[in-house]
Amino acid sequence: VQAYRQALEREPANATVWMNLGVALEGSGDPAGAEKSYRKAVELQPSLARAHYDLGTLLAGRGAIQEGLEHLETAVRLDPESRDALFNLGQALEATEEPARALDTYDRLLKLAPQDLDARFHRGQTLAALGRPAEAAEELGKVVAAEPREAAPRIAQAIALLGAGRDAEARARLEEGHQALPQSEPLAQLLVRVLAGSSHPEVRD
């Protein structure tokens, strides 16, 4: 932090240094200071995509979702191939309950990085939010196949299958998951509820 402050004494209009100071402040546990630094960076250089990304991500994380969304949209416009900006934009759109736009964003990301499992997981969740559970189950199944030791994709896939009216398949997937991950309490809870005959169980983490 001190090194960046010293650099700003020499170059007070250097947007990149302001941005890097923000990163350092955020890393040291000073989000308010980081926000001020990111804002200064985008004020000095509005075309600095990374600064918009950093500011948007910080704001969204602090609850200022709408303003964070605006900066993330700017970051993507300035750098359309930024994986991080696209992913965080998708999450912000999910948080503002805009699943159709979130889906478009994850589609763009997956065209750039087809193996991005986090994006694929969120795409599956977004399809479910759009009332397309069969497609969601198929998408989430790809994540399960790639990450068989992760409980969250298995749970999300089972819930999507239930939503699609494929209860027997959901039960089979959950039984497989419970055998693979017997330590997962949320997965076990969902299996118990499905076996008890609840078509729309709620799972607590």
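Colleague: Where does Glu97 lie?
Modeller: Glu97 sits in the loop between helix 6 and helix 7. Bear in mind that this is a predicted model.

Colleague: Is Glu97 buried or exposed?
Modeller: Its relative accessibility is 70%, so Glu97 counts as exposed.

Colleague: And what is the phi of Glu97?
Modeller: Phi of Glu97 is near 60 degrees, a positive value in a residue other than glycine. Most residues other than glycine have a negative phi.

Colleague: Which residue takes a positive phi just after helix 4?
Modeller: That is Gly63, with a phi of about 100 degrees.

Colleague: Staying with helix 4, what span should its 13 residues have?
Modeller: At 1.5 Å a residue, helix 4 should span 18 Å, and its end C-alpha atoms are 18 Å apart, so the two agree.

Colleague: Which residues of helix 4 are buried?
Modeller: Ala49, Ala51, His52, Tyr53, Asp54, Leu55, Gly56, Leu58 and Leu59 are buried in helix 4.

Colleague: What covers them?
Modeller: The cover over the buried residues of helix 4 includes helix 2 (15-27), helix 3 (31-44), helix 5 and helix 6.

Colleague: Take helix 5 then. At what angle do helix 4 and helix 5 pack?
Modeller: Helix 4 (residues 49-61) and helix 5 (residues 65-78) pack at about 155 degrees, and their axes are 7 Å apart. Angles over 145 degrees count as roughly antiparallel, and helix 4 and helix 5 are therefore roughly antiparallel to each other.

Colleague: Is that crossing left-handed or right-handed?
Modeller: The crossing of helix 4 and helix 5 is left-handed.

Colleague: Which residues meet there?
Modeller: On the helix 4 side they include His52, Tyr53, Leu55 and Gly56, and on the helix 5 side they include Gly68, His71, Leu72 and Ala75.

Colleague: How far is Glu70 from Gly56?
Modeller: Their C-alpha atoms are separated by 7.2 Å, with the two residues 14 residues apart along the chain. Glu70 belongs to helix 5 and is partly exposed, at a relative accessible area of 44%.

Colleague: What about helix 5 and helix 6, how do their axes cross?
Modeller: The axes of helix 5 and helix 6 cross at roughly 150 degrees and come within 9 Å. This pair is therefore roughly antiparallel, and the crossing of helix 5 and helix 6 is left-handed.

Colleague: Which residues of helix 5 meet helix 6?
Modeller: Ile65, Leu69, Leu72, Glu73, Ala75 and Val76 do, and they meet residues of helix 6 including Leu86, Leu89 and Leu93.

Colleague: Changing topic. Which residues are buried in helix 7?
Modeller: In helix 7, Ala102, Leu103, Thr105, Tyr106, Leu109 and Leu110 are buried. Seen down the axis of helix 7, they fall within an arc of 165 degrees, so they line one face of the helix.

Colleague: What do they pack against?
Modeller: The buried residues of helix 7 pack against helix 6 (83-95), helix 8 (117-129) and helix 9 (133-146).

Colleague: How far apart are the ends of helix 7?
Modeller: The end C-alpha atoms of helix 7 (residues 99-112) are 20 Å apart, which agrees with the 20 Å that 14 residues should span at 1.5 Å a residue.

Colleague: Last one. Is Asp116 buried or exposed?
Modeller: Asp116 is buried, with a relative accessible area of 12%. Its place is in the loop between helix 7 and helix 8.

Colleague: What is Asp116 in contact with?
Modeller: Leaving aside neighbours within four places in sequence, Asp116 is in contact with Arg83, Leu109 and Leu110. Leu109 and Leu110 are among the buried residues of helix 7.

Note on methods. Residues are numbered from 1 along each chain as its sequence is written. This is a predicted model: local features need pLDDT of at least 70, side-chain atom pairs count only at pLDDT 80 or more; totals for chains, interfaces and linings use all residues. Side-chain values use heavy atoms; hydrogens and water are left out. Helices (H or I, at least four residues) and strands (E, at least two) are DSSP runs, numbered from the N terminus. The expected span of a helix is 1.5 Å times one less than its number of residues. Buried means under 20% relative accessible area, exposed over 50%, partly exposed in between (1.4 Å probe, protein chains only). The arc is that of the directions from the helix axis to the C-beta atoms. Contact means heavy atoms within 4.5 Å. Axes are lines fitted to C-alpha atoms, for helices over the stretch in contact, and angles run from 0 to 180 degrees between N-to-C directions. Angles under 35 degrees count as roughly parallel, over 145 as roughly antiparallel, 65 to 115 as roughly perpendicular and the rest as oblique. A crossing is left-handed if the near helix is turned anticlockwise from the far one by less than a right angle, and right-handed if clockwise.
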